Amino acid sequence: MEISNAEFVISNTDVTKCPKSTLPEYAFIGRSNVGKSSLINMLTQRKGLAMTSSTPGKTMLINHFIVNNEWYLVDLPGYGFARRGKAGMESLRTLIEDYILEREQMTNLFVLIDSRLEPQKIDLEFMEWLGENGVPFSIIFTKSDKLTSGKLKDNINRYLKKLRDQWEELPPYFVSSAENRLGRKEILDYIESINNG
Ligand code: GTP
Ligand code: MG
């Protein structure tokens, strides 16, 4: 799929104020600093469209970006980050959960996993919660440029093995790099195939 147009639409702390539109939405979630905003910029090839930072906790709102005037990319705040204290973390969690459970246009959630790390409890539990709530999701292993290809393969296989213990069927998964654009075509083709239903 070619992206001819990608624009920021609105930021929200309230799910009910998200765009009144029936266009399909693809949202990005995962731990703080995993590379959600960078991936949106990589997919759209618009540097600076979504705000990124080397400090975790950059994205604190629900951000809608419209692509080709046909569908949305949604940048969500990361989870598992405590800088704003327990109350702040709790309100972010509610915001994320409300969006995921209430937003009917949300067509697929991409769960981002740092390909360098061994399986993290917080991510596995989050995906379990998605399963319990019937939320359609797929996985993206990010920052693949930071590993040798052998190590990357090992880490992904270890992760898939862990997921097989949890799931009868594996969700679709992708490998990405915001640095060298690995995975761009595959992720966009996947979105296109869902859009074309
Ligand atoms: P929050 O909004 O804080 O939850 O973080 P985020 O998940 O949106 O992460 P963000 O895109 O801001 O990236 C965090 C840091 O990781 C930045 O310094 C990025 O440059 C870096 N980064 C993101 N993706 C990649 C990647 O694929 N490769 C490399 N080498 N660095 C990356
Ligand atoms: Mg972000």
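I take two strands to be paired if DSSP finds at least two bridges between them, and I take strands (E, at least two residues) and helices (H or I, at least four) as DSSP runs numbered from the N terminus. The model is predicted, so I kept to its limits: local features need pLDDT of at least 70, side-chain atom pairs count only at pLDDT 80 or more, and totals for chains, interfaces and linings use all residues. Residues are numbered from 1 along each chain as its sequence is written, chains are lettered from A and ligands numbered from 1 in the order in which they are written, and side-chain values use heavy atoms, with hydrogens and water left out.

**Sheet**

I looked up the strand order and found an open sheet of seven strands, β1-β3-β4-β2-β5-β6-β7, with mixed pairing. β1 (6-12) and β7 (173-175) are at the edges with a single partner strand each, so one side of each has no neighbour in the sheet. From one strand to the next the twist averages 25°, where axes are lines fitted to C-alpha atoms, for helices over the stretch in contact, and angles run from 0 to 180 degrees between N-to-C directions.

I then followed β5 (106-114), which runs parallel to β2 and is joined to it by six bridges; glutamate 25 has methionine 106 of β5 as its bridge partner. β5 also pairs with β6 in the parallel sense, over six bridges, and there phenylalanine 110 is the bridge partner of serine 138 in β6. Eight of the nine residues of β5 are buried, that is, under 20% relative accessible area, with exposed over 50% and partly exposed in between (1.4 Å probe, protein chains only). Strand β6 (residues 137-142) pairs in turn with β7 in the parallel sense over three bridges, and isoleucine 140 has phenylalanine 174 in β7 as its bridge partner.

Serine 37 belongs to helix α1 (residues 36-44) and threonine 59 to the loop between α1 and β3 (62-67), so the pair ties together parts 22 residues apart in sequence.

A backbone N or O atom of asparagine 33 lies 2.9 Å from an oxygen atom of ligand 1, and for serine 53 the corresponding backbone distance is 3.1 Å.

How values were computed: Contact means heavy atoms within 4.5 Å. A polar contact is a pair of N or O atoms within 3.5 Å; within protein, one must be able to donate a hydrogen and the other to accept it, and residues adjacent in sequence count only if both atoms are side-chain atoms.
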